[in-house]
Amino acid sequence: QQFDNFLLPNLLMPPLYAYYLYAFSFFNLEVHDFILLILFSQIVLASISVGVFYKINKLFFSQRISFYSSLLFSLFPIYLYSCGQISSASLTVFLAIFFYYYFFMITHSNKFIYIFMFAFIGGLLILVRREFTIIILLSSFYLFYFFKISLKKIFLIFLISLITISPYLVRNY
């Protein structure tokens, strides 16, 4: 939507990437430097994602297979392309990789910190892409049904995710 020649986030554009870009506006840089800073930050997010992807692979595969699969992931053309553009793809992949990492951490040890991070990142993912609502629901059902996570912890996951997205919900209400 447009208001006084300003584009505002609406229901068609989830707000987290707009907030991400807005955070860089506090540096008061020129337009060219602003764009370079955003691109650099997306490259940093992508690099961290590759490292966490390697850690996820180490849970299932040998070190050699994990290394080569992470290398393949880092050189995937669409991933490289998204890092060179101003788009929410890098942020989405970054958060999704952490979401899956904490999901697997919960399956190994359901400590509170893993549950909190899983739910918080899940809430952030809803703020980037709304279809992650279904992924959180299915992941929570999977944790409950196959890994016998208590209903109390499943409720905690939904509560933390709801608190994370609540400013956006209140704004839309």
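View 1. Glu131 sits in the in-between class, partly exposed, at 39% relative accessible area; the classes are buried under 20%, exposed over 50% and partly exposed in between, using a 1.4 Å probe and protein chains only. This is a predicted model, where local features need pLDDT of at least 70 and side-chain atom pairs count only at pLDDT 80 or more, while totals for chains, interfaces and linings use all residues. Residues are numbered from 1 along each chain as its sequence is written, and side-chain values use heavy atoms, with hydrogens and water left out. Glu131 pairs up with Arg129 in a salt bridge, and their closest N and O atoms are 2.7 Å apart. The term stands for a side-chain nitrogen of Lys or Arg within 4 Å of a carboxyl oxygen of Asp or Glu. Arg129 is partly exposed too, with a relative accessible area of 39%.

**View 2. The whole chain, for orientation.** The protein has eight helices and two strands, taken as DSSP runs numbered from the N terminus (helices: H or I, at least four residues; strands: E, at least two). Reading from the N terminus, the order is β-β-α-α-α-α-α-α-α-α. The C-alpha trace spans about 55 × 45 × 25 Å along its principal axes. Of the 173 residues, 38% count as buried.

**View 3. Helices α1 and α2.** Helix α1 covers residues 16-24 and helix α2 residues 31-58; they pack at an angle of about 125°, with axes 10 Å apart. Those axes are lines fitted to C-alpha atoms over the stretch in contact, and the angle runs from 0 to 180 degrees between N-to-C directions. The pair is therefore oblique, given that under 35 degrees counts as roughly parallel, over 145 as roughly antiparallel, 65 to 115 as roughly perpendicular and the rest as oblique. The crossing of α1 and α2 is right-handed, meaning the near helix is turned clockwise from the far one by less than a right angle. Tyr19 belongs to helix α1 and is partly exposed at 44% relative accessible area. Tyr19 and Phe53 are 34 residues apart along the chain, and their C-alpha atoms are separated by 25 Å.

**View 4. A nonpolar surface patch.** Helix α7 (residues 132-147) is the top contributor, with six residues. Leu151 comes from helix α8 (residues 151-172) and is exposed at 58%.

**View 5. Lys148 in the loop between α7 and α8**. Lys148 has a positive phi, near 55°, without being a glycine. Most residues other than glycine have a negative phi. Lys148 is exposed, at 63% relative accessibility.
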